[in-house]
Amino acid sequence: MLSSHIRLVRLVPTTVRLVHSLIHNPSCSFMDLKALISSLNDFASLSFAESWDNVGLLVEPSPPHTVNTLFLTNDLTEEVMEEALQKKADFILSYHPPIFRPMKRITWKTWKERLVIRALENRIAIYSPHTAYDAAPQGVNNWLAKGLGVCTSRPIHFSKAPNYPTEGTHRVEFNIDHTQEDLDEVISMLKAISDVSVTSFSARTDDEEQTRISLNCSQQALMHVVAFLSQNRQLYQKTEILSLEKPLLLHTGMGRLCTLDESVSLATMIKRIKMHLKLSHVRLALGVGRTLESQVRVVALCAGSGSSVLQGAEADLYLTVFSFLCWQVRCPIMIF
């Protein structure tokens, strides 16, 4: 049961459970906006969102702002805003971002501009998680996968750890066998370059004691590092430059590729998905030679169009909100 200080209307079932787990606190009757945003971001880091997306806090009333009533919606339209005002909402969590492209002005001319005006006039914050919640381990795609039956699933496109490596995009390494004075000078010159961190340690090459220099740097700093090292041809020829990649998060990312423990007919899978989504109808595009009795073992799904996420994913069934894939695949496509 939701605590009394959070009234949720126009609910999306998945999001209701997420918000309940994040902000259920019977000891208080309100929540500070910053604390609420922190809780939402702890559930799913905004770094999980696609680069093209516009997620997070989109409209913020002047601080301090206290949230007593949180309003959930899939899409924030003018009709939804009117309902939120009637419910005296202080915070609207809209799955899809109502502000996507940059606004050059805020007037009464377009409906999206009017949303911003009404939100600010009535001190309502607007937040959108969108693809950050799609990618999260306990997010929308995982919830969709639960309706397929017993299966193992993994993201189709993995997210990367947001906070690693902590410094730089590249690592530059080289050995130096010069005198200690030369070594100190090289290290001093490198440290003088902005966005560079330098470490050194002893190394043995061809039974000769040398010093190994290792530094992390940004893309911009790399050009300055290379320019400095290239002044010494002998030193530069020993230089290695590595591109630093953030490690993959095995349970976080866009889409899901699900392998059922046991194959089922397409007809059975349709029943499972309709029951899970509480829908009476879904749209189905059958591939050439496929019937309702065709067996389904692997399902690729995406809480979106899947136009890019599902490309290249081999599956017996594709599950998507709406599809641009019909001309590309020979397998059934289920659209909800």
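A: The following account treats the sheet, then its helices, and then the core.

This is a predicted model, in which local features need pLDDT of at least 70 and side-chain atom pairs count only at pLDDT 80 or more, while totals for chains, interfaces and linings use all residues. Residues are numbered from 1 along each chain as its sequence is written, and side-chain values use heavy atoms, with hydrogens and water left out.

The chain contains ten helices and 18 strands. Helices (H or I, at least four residues) and strands (E, at least two) are DSSP runs, numbered from the N terminus. Four of the strands form an open sheet in the order S2-S6-S5-S4, with mixed pairing. Two strands are said to pair if DSSP finds at least two bridges between them. Strands of a sheet pair through backbone hydrogen bonds, either parallel or antiparallel. At the edges lie strand S2 (56-59) and strand S4 (70-73), each of which pairs on one side only. From one strand to the next, the twist averages 25°. Angles run from 0 to 180 degrees between N-to-C directions, and axes are lines fitted to C-alpha atoms, for helices over the stretch in contact.

S4 and strand S5 (residues 91-94) run parallel and are joined by four bridges. Leucine 72, for example, has leucine 93 in S5 as its bridge partner. Helix H2 (residues 33-43) packs on this sheet and touches S2, S4, S5 and strand S6 (125-128). The direction of H2 makes about 20° with that of S5. Helix H3 (residues 78-86) also packs on the sheet, where it touches S4, S5 and S6. The direction of H3 makes about 155° with that of S4. Touching, or contact, means heavy atoms within 4.5 Å.

Residues are called buried under 20% relative accessible area, exposed over 50%, and partly exposed in between (1.4 Å probe, protein chains only). In H2, the buried residues are Leu33, Leu36, Ile37, Ser39, Leu40 and Phe43. They lie on the same side of H2 because they cover an arc of only 160° around the axis. The arc is that of the directions from the helix axis to the C-beta atoms. Lys34 and Asp42, on the other side of H2, are exposed.

In H3, Val80, Met81, Ala84 and Leu85 are buried. Their arc around the axis is only 140°, which puts them on the same side of H3. Glu79 and Gln86 are exposed on the other side of H3. The cover over the buried residues of H3 includes S4, S5, helix H4 (111-121) and S6. Just after H3, lysine 88 takes a positive phi of about 60°.

A nonpolar core is a set of buried Ala, Val, Leu, Ile, Met, Phe, Trp, Tyr and Cys residues joined through side-chain atoms within 4.5 Å. The largest one has 36 residues, and those with the most contacts inside it are Phe91, Leu148 and Met269. At least three of its residues come from each of domain 1 (31-133) and domain 2 (137-159 + 250-335), with domain bounds taken from an automatic or database domain assignment. Not counting residues up to four places away in sequence, phenylalanine 91 touches Leu33, Leu36, Ile37, Leu40, Val67, Thr69, Leu70, Phe71, Ile124, Ala125 and Tyr127. In soluble globular proteins, nonpolar side chains tend to be buried together.
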